[in-house]
Amino acid sequence: MILSVANQKGGVAKTTSTLAIASRLKQEGYKVLAIDLDPQGNLSESVDAKQIEVPTVYELLKEEITVREAIQSLNFFDIIPSNIMLAGAEQELSATGKEYRLKEALESISIEYDYIIIDTPPSLGILTVNAFTASDEILIPTTPGIFAVNGIEQLNNTIKNVKKYCNQNLKINGILVTRFNPRANINKSIKELTENLAEHIGAKVYNSYIRNSVVIEESQANKINLFENYKSATVTSDYSNFINEFLGEQL
Ligand SMILES: Nc1ncnc2c1ncn2[C@@H]1O[C@H](COP(=O)(O)OP(=O)(O)OP(=O)(O)O)[C@@H](O)[C@H]1O
């Protein structure tokens with residue numbers, strides 16, 4: 001399965017969720033490739049991938065290298081890294097067929113992986129469109145309270161356009177509530193609001209949600225795998241529960 005983790009809102013835990021999902025699926029014995037499609041390169045940094053003077057997703061989208069040249073096999077999982085050069089891709093990718101670059105690049109290797117997980121930037125430009133065109137499904141992480149009507153409609157319009165012109169089989173996998181503070185007493189209404197908005201786009205909200213935890217920043221800064229070194233943290237069990245629910249949906 002090729003899964004995009006997407007939401008044009010910044011800071012909703014797209015990268016954190018991509019990292020956790022890819023790490024956990026690898027630990028469960030699946031063959032996993034992660035793709036960092038965000039010019040900020042946070043996913044690449046969190047797993048200590050090489051980003052300077054190596055082939056990255058930027059050169060791949062420009063068709064200057066083969067996909068195998070871009071893949072780094074790390075302890076965490078295999079990854080195609082990005083760096084800040086990717087910020088130029090929005091302008092540089094202008095030729096016809098620019099939406100299909102990632103899909104075409106992945107064709108020769110997708111059979112070798114059980115899961116390809118794509119971390120997308122906080123925008124709905126050509127990078128996100130490349131991710132959606134290449135994907136089977138989209139997971140939408142959201143933080144409580146910011147899942148506003150116009151945001152979800154913009155995202156849904158992009159999904160609809162990609163379905164119409166580039167990838168008719170694209171599906172929304174679900175919505176994952178992240179950075180949740182269980183102590184806030186507005187939570188019930190947030191869950192209801194999220195579910196109402198999800199209905200708008202025909203998507204479901206996962207029962208599992210991810211709580212706030214200092215362990216997240218700490219593990220990312222130190223490039224440490226949550227599932228190996230923070231096994232007893234609440235946020236690690238939150239992501240484990242989510243993965244169980246995610247895998248259960250596919251049976
Ligand atoms: N469950 C959590 N608890 C505490 N902090 C978190 C949690 N999830 C994410 N964060 C922190 O929130 C910040 C934003 O997370 P992240 O980078 O994953 O979001 P993003 O949606 O990928 O952001 P961007 O839109 O900038 O790409 C990071 O500093 C991250 O460490």
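Helix 1 has 14 residues, and in this predicted model the helix reaches 20 Å from its first C-alpha to its last, which is close to the 20 Å expected at 1.5 Å a residue. Helix 1 is also mostly covered, with 13 of its 14 residues buried. Just after helix 1, the backbone at Gly 29 takes a positive phi of about 100 degrees.

The axis of helix 1 comes within 10 Å of the axis of helix 12, residues 234-249, and the two cross at roughly 70 degrees. Because angles of 65 to 115 degrees count as roughly perpendicular, helix 1 is roughly perpendicular to helix 12. The crossing of helix 1 and helix 12 is right-handed.

Turning to the ligand, 20 residues lie around it, and those that come nearest are Gly 10, Lys 14, Thr 15, Thr 16 and Pro 122. Helix 1 (14-27) and helix 10 (214-221) are the elements that give two or more residues to this shell. By residue class, the shell around the ligand divides into six nonpolar, ten polar and four charged residues.

Helix 7, which spans residues 126-134, is likewise described as mostly covered, since eight of its nine residues are buried. The buried residues of helix 7 are Leu 127, Thr 128, Val 129, Asn 130, Ala 131, Phe 132, Thr 133 and Ala 134.

Asp 48, in the loop between helix 2 (42-46) and helix 3 (57-61), has a phi near 65 degrees, a positive value in a residue other than glycine. Asp 48 has 14 other C-beta atoms within 10 Å and is therefore partly exposed, given that a residue is buried at 20 or more such neighbours and exposed at 12 or fewer. Lys 223, found in the loop between helix 10 and helix 11 (226-229), has a phi near 55 degrees, again a positive value in a residue other than glycine. With 14 C-beta neighbours inside 10 Å, Lys 223 counts as partly exposed.

Finally, is Glu 199 buried or exposed? Glu 199 lies in helix 9, residues 187-200, and because there are 11 other C-beta atoms within 10 Å, Glu 199 is exposed. In sequence, Glu 199 and Ile 175 are 24 residues apart, while in space they are 11 Å apart, C-alpha to C-alpha.

Notes. Residues are numbered from 1 along each chain as its sequence is written. This is a predicted model: local features need pLDDT of at least 70, side-chain atom pairs count only at pLDDT 80 or more; totals for chains, interfaces and linings use all residues. Helices (H or I, at least four residues) and strands (E, at least two) are DSSP runs, numbered from the N terminus. A residue is near a molecule or strand if its C-beta atom, placed from the backbone, lies within 6 Å of it. Ala, Val, Leu, Ile, Met, Phe, Trp, Tyr, Cys and Pro count as nonpolar, Asp, Glu, Lys and Arg as charged, and the others, Gly among them, as polar. The expected span of a helix is 1.5 Å times one less than its number of residues. Axes are lines fitted to C-alpha atoms, for helices over the stretch in contact, and angles run from 0 to 180 degrees between N-to-C directions. Angles under 35 degrees count as roughly parallel, over 145 as roughly antiparallel, 65 to 115 as roughly perpendicular and the rest as oblique. A crossing is left-handed if the near helix is turned anticlockwise from the far one by less than a right angle, and right-handed if clockwise.
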